[in-house]
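Hi everyone, thanks for coming.

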Amino acid sequence: MNSVCFVTEEIMPFTMGGIGAFARNILDTYSGRCEHYYVLYVGDLDIDLCEWNLRFPHVKLFKLTDISPEAVNKWSSLKPAHRLVYKSALIKEILIELNRQFKFTYIEFVDWGGAGFFTIQTKHAGIDFDETILVVRLHTTEGVLRNFESRPWGKTTAKLIDFERKALADADLIVAHIWPVVKSVQKSYGFDDAWLSKAVINLPPVYTPFKAAKTVQLDVDRQNIVFTSKLQEIKKPTVLVHAAVMFLRKNVSFGGKIIFCAFEPVPGWRNRLLDLIPDDLKGKFVFLPFMESDKRNKLISESIVVFPNAYEAFCFAAYEASIMGGYCVLNAENPAFGLDTPWIEEKNCIKFNGTASSLSDTLSRIFRQNGSIPRLSPVDIRHEENPYWSISPKFASLTKVNTSVSFIITTHCSAASLKKTVLGILKYEYDVAEIFVLARFSTDPDLPLVLEALEKISKNDKRLKIAIADNGINDPVLINSVLEQCSGDTTVILPAECDFLPGFFTAAANALHKSSFYDLVLPISSLYRLDEHGVKTHVDTFLPIGEGLISNLLENFTAAHAFVCKSYRMKKYSFCEDLNSHYEWHFILGLIQQGSKAIVWPDLCLEYDDAKISQLAPKDLAEFQHNTEIVRRSATWSSASGGGNFLALCDVVENNTPTPNVRSETVQHNPLDNYRSAYNKIAKKKIDLLQEVLRRLSGEYYLSFYVNIERIDGGIFENNIWEVQSPDLIQITGWWRPKYALRSEVEVKCYLAGGGRNVECRFQRQNRFDVAAEFSIPNDVDYGFICSSEETLLPGAKYVITFEFRINSKLKRVVNAGQCRVVL
C-alpha cells in the first residue's frame, strides 16, 4: 500500500497561509482512503498531538522538533549560511530516520525555500530514499517572486535562489495545479524539456462555506469593487488604485466603494496606496484588513472581486470568490488566469490585460451595461480523483557498480599532509586507477623525505605516479599535463592539505557511475583551526549548491578546491593556466555552462586546516580581481537580440563592503562571514556606528521598542480597540522591533492586563525578514510573534495588550500595544 508524507510549514486550522489551506484541503479530501498519510510539520508552532488527532484522525503527525539531538548538533556546529538551508538539512536528517521505519512511497515538499534540497541530494548520492519518489509541488519560490517584486539583494539571497532552483531541478516529480504555471516556472529557471517531462497536473480541492448557482446580479449603483489579496507588490494593488481613480473620474455616479479587504505583510503599503488617491476620492476607498470570516465571505459573494495579481501558482482566493458568487475580474497576463486554465472569458470571469487603463476600461464597460450585465457561472473545478500518490511506482533494481577512480593530488606546503593523503587513498578508497602526485619544491624540509618514501611505494604499486615541478609552475599547468593520462572512469582533484572522510571518493564515483544525468560531485567542506593544544575549533563551512547559475557569478559556491568529475567530461575542458587560484571555480563553471549537472554531497566529507589551506588563496587583491574577471568571462548570456560573455559584472551587492584581506585564512572558505550580503553589512555598519553614540548617552535612552499588532484571530479593530468574539483563546499576530539594532539578546513577554489581573500569553517568535529589511536592522532575530492567551477572559472587560522587554533577565521597557475586549 502506498504512503505519502507531506513536508510543510503551514497546516490549517493550526496555522494560517495559502499553503496551509491547501494542505488542509488535501488531507480532508484524501485521508481515510487506502493510502497511508503522514505530515512532517516543520513550522515554529507547537501543535498539540491530541488536537491534531481529533482534526485529522487518519493522518500521522511528525514534527521537526522530534529530531534527534545528534542531528541538530551535527548541523548547528557547521553553521549553514541561511536558516532555510539549515532547516532543509534538518528535514533530511529526520526523514532518513522516519523513512527507515515507515518506508514512504512519496515525500512531497513545497518549492519555496528549497526544503527538499538535502533530501533530494541524499537520494542522488545513493545514501537513502532509493525506493521513494521525491516530489516538489509548485507554489511560489523566492526566485519567482523576485521576477515581480523589488526585494533586498545580497549574496546570501542569490544563493537561496539557486538553492531553490536546485531542489526543483533534481526532484523526481514536479506537481502543479495548472499547466501554464509549469511552463512559466520552466521559462523562469531555464529548465529543459526533460524537466518538463517530470511534471504532472493535479487540480487541488477547493472548499467554501457555501456555493452559488450563479454569480451576483450586479447593481453598479451600489456595487462594491473588492480586492482580497495581500497588500504586496506581486499582488498589484497599485493597479487597482490607479484603475479605480480613472474609473471614478469617468463614472461619477458610481455608488459603490473600492474596498481593500486585505492585510499588509510589510508595513507601509496602506499608506503608500493612500498617497495615490486624490483627496476628493479618498472617501470612496475603504481598508478592512481584519474582518470576521462570515462577513468577509458575504462581502466577496456580493461584489466585483478584482485580481490584478501579476503571478500566482493557482490562487485559491479567486476560485473561492467565484464559487461563492463573486463577479471575478482577472489579470489575463497572470499564468494562473490565462489560456489552458479553468478561467474562461465571459463564462466564469472577465479579464483585462494587466494594465491600469485596461482594468479601468473593463470596469467602465461593466458599469455602462448596468441592467444588461450577464451573470457569470461559478468556476467549474474538479479536484483530481486519483492523485499522483495513488500510482504505485516501479523502482529499478540496484546493481553492483564497477568503476575506477583517478586521483590528481596537488601539493603546496605540508609534507606530512601529502603522505597522509596518499596513504589514506591507498588504504580507504577502492578501485583506484592511479594517483598522480604533483609536487613542487617546498620550504618544508621533510618534503624530500616524503617524496623519496612515495617513490619507493610507486616501484611496487604502479598506480602511484609522482611528478616534481619548479615552483613557478602553477596547479592548472600541472593538472593539464597529466589529465589525458587519467584512465579511471572518474577523476578526483584533491589538494594534499585536505582531510577526507574514508570511502567518500569511492561513494561519489559510484553515484556518478549510476547516473547519466550528473557529471560532478561537489563536497561540503569544513574549515577548522588548531589551538596550541591541538584541539580543533570549527571556523566555517563551505556549502556548494550545485549549478548556482546566479550566485556562482558573484562568488565561488562551486567547490573548495576538491571535487569529483566524470573523466570524459573533465578531458573536454582544460584548466585555465592563467589562474594561480580559483581555478576549480572557473573549471566547474565552464562545465556547467556546457550543460553539466552536479550532485551536492549532503554530508560533511572534507576538512581543511585553516593555517595550511590559506596557501591556496589569492595572494593579494589584484589577483582576486584578476580571477573573478576570468571566471565571469567564461559565463555566457543570450537574449532575443543576441548573446555574448559577461565581460564585466558590477558587484552591486559589494558596494558597501570593505576591501577584503585576501590572504586571510578564511577567505576561500568564508562566503558567509567575509562576503556577507550588502543588506547585512549596511545593518552591521549602522550597529557599529551607533555603539559609540550609545555609549555616550546617559541611562538607557536607546532601549526603546515598537510593537505592531497586525491581527487578532476572530477580532475586528474598531474605534482603537480590538473586539473579539471568544473569551477562551485570544491569538495575537504581529511584530516588534528595537528603536536601534542591539547586540544583546532580547527576551519578550506578552500580557493581557485587565479585569483585575494579568493574563500571561504564550509568546512564539516568527521569522519576519520583511521587518528587518524595512527598518534596516539585522535579520538574525525573529521579530514576528504569535501570542496565545492561557486563560479565559472576562466578557466585557477591557484588556491592555502589554509587552515586556528584558535583557539579561532585567526588565528594560514595557510597551502598551493596544486594547482588546470580549464581545459576546
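Let's begin with a charge over a ring: Lys536 lies over the face of Tyr528, at 4.5 Å from the ring centre. Keep in mind, please, that this is a predicted model. There is another such case, with Arg272 sitting over the face of Trp269, 4.2 Å from the ring centre.

Now to rings with rings. The count of aromatic pairs comes to 46. Take Phe148 and Tyr311: their ring centres are 5.4 Å apart and the planes make 20 degrees, so this pair is stacked. Where do the two residues lie? Phe148 is in the loop between α6 (142-145) and α7 (155-170), and Tyr311 in the loop between β11 (304-307) and α13 (316-323), so the pair ties together parts 163 residues apart in sequence. Tyr311 is buried, at 2% relative accessible area, while Phe148 counts as partly exposed at 25%. Elsewhere, ring pairs join Phe6, Tyr30, Tyr37, Tyr106, Tyr388 and Trp389 into a cluster.

Six strands make an open, parallel sheet in the order β10-β9-β8-β11-β12-β13. At the edges stand β10 (285-287) and β13 (350-352), each with a single partner strand, so one side of each has no neighbour in the sheet. On average, neighbouring strands are turned by 25 degrees against each other, direction ignored. β11 pairs with β12 (residues 327-331) over four bridges, and Phe307 has Leu330 in β12 as its bridge partner.

Finally, helix α10 (residues 237-250) packs on this sheet, touching β8, β9, β10, β11 and β13. Its direction makes about 165 degrees with that of β9.

Conventions. Residues are numbered from 1 along each chain as its sequence is written. This is a predicted model: local features need pLDDT of at least 70, side-chain atom pairs count only at pLDDT 80 or more; totals for chains, interfaces and linings use all residues. Side-chain values use heavy atoms; hydrogens and water are left out. Rings of Phe, Tyr and Trp (its six-membered ring) pair if their centres lie within 6.5 Å; planes under 30 degrees apart count as stacked, over 60 as edge-to-face and the rest as tilted. Helices (H or I, at least four residues) and strands (E, at least two) are DSSP runs, numbered from the N terminus. Buried means under 20% relative accessible area, exposed over 50%, partly exposed in between (1.4 Å probe, protein chains only). A charge sits over a ring if NZ of Lys or CZ of Arg is within 6 Å of the ring centre and within 35 degrees of the ring normal. Two strands pair if DSSP finds at least two bridges between them. Axes are lines fitted to C-alpha atoms, for helices over the stretch in contact, and angles run from 0 to 180 degrees between N-to-C directions. Contact means heavy atoms within 4.5 Å.
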